[in-house]
Amino acid sequence: MHRHTEFEKDLTASNRASNVGGMPSRAEFEAQLRMTDLRVTRPRIAVMEAVHANPHADTETIYSVVRGSLPTVSRQAVYDVLHALTAANLVRRIQPSGATARYEARVGDNHHHVVCRSCGSIADVDCAVGEAPCLTPSNDEHALDGFLLDEAEVIYWGRCRECSADGP
Ligand SMILES: [Zn+2]
Ligand SMILES: [Zn+2]
C-alpha cells in the first residue's frame, strides 16, 4: 500500500503546471514557503528560482546562479537554504554514488533518474507504470522487516546520447 499525502499531490500538481507554463511566479514560491511554515526570505526565493531554472544542478551551480541576483549571499547561506528546502520537501536532493549532490524542484512524484557514466549528466525517468510501483518491492511483509515504506529511489546508469555518439 502506498499513498502520497494531499500536500505532496498539491506540490506535484503545481510543479507540473509550472513546468508547462515556465517559471512559477515569486508569489507562488512565497506561497510554497508559507505552506511549509518557512519564513519568506530573499535567499530562499532566489534558491527556489535557481533550482527551478536548473534541474539537477549541484550546490556550486546553484550558488553561482543565486549570486547573480544576490551578490552578497554566502556559500554557507545557500547550503543552509538548500537543506531547509529539502527538509520541507520543496526541493528534492539526489546523490548518485560518486557524484556531488544535485537538487531539483520536481518533488513528490517519486520519479527516478538516469545518470551518464561518462559526463555525469542526469535526466528524469518517470515510473514505468502507475504512480509509484517501486514502493511495493515484495508481497512478503517479513522481507521488509517491519519497515513502512514511503519512497523508492532508483538510479539507472548508462551513457547519454552525446557520450555514446563518441564511440565506446
Ligand atoms: Zn554523457
Ligand atoms: Zn529529477
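## A first look at this predicted model

The protein chain has an average pLDDT of 82, and 77% of the residues score at least 70; pLDDT is the predictor's confidence in each residue, from 0 to 100. This is a predicted model, in which local features need pLDDT of at least 70, side-chain atom pairs count only at pLDDT 80 or more, and totals for chains, interfaces and linings use all residues. Residues are numbered from 1 along each chain as its sequence is written, while chains are lettered from A and ligands numbered from 1 in the order in which they are written.

**Where to be careful**
- Across residues 1-20 the pLDDT is below 50.
- Where pLDDT is low, the predicted coordinates should not be read in detail.

**Two packed helices**
- Helix H3 (residues 42-53) packs with helix H4 (residues 59-69) at an angle of about 125°, and their axes are 9 Å apart. Helices here are DSSP runs of H or I with at least four residues, and strands are runs of E with at least two, numbered from the N terminus. Axes are lines fitted to C-alpha atoms, for helices over the stretch in contact, and angles run from 0 to 180 degrees between N-to-C directions.
- Ala46, Val47, Ala50 and Val51 of H3 meet Ile62, Val65, Val66 and Ser69 of H4 in this contact, where two residues count as touching if their C-beta atoms, placed from the backbone, lie within 7 Å.

- Three strands form an open sheet, ordered E1-E3-E2, with antiparallel pairing; two strands pair if DSSP finds at least two bridges between them.
- Strands E1 (57-58) and E2 (92-94) are at the edges, each with a single partner strand, so one side of each lacks a neighbour in the sheet.
- E1 pairs with strand E3 (residues 102-104) over two bridges, and alanine 57 is opposite tyrosine 103 in E3.
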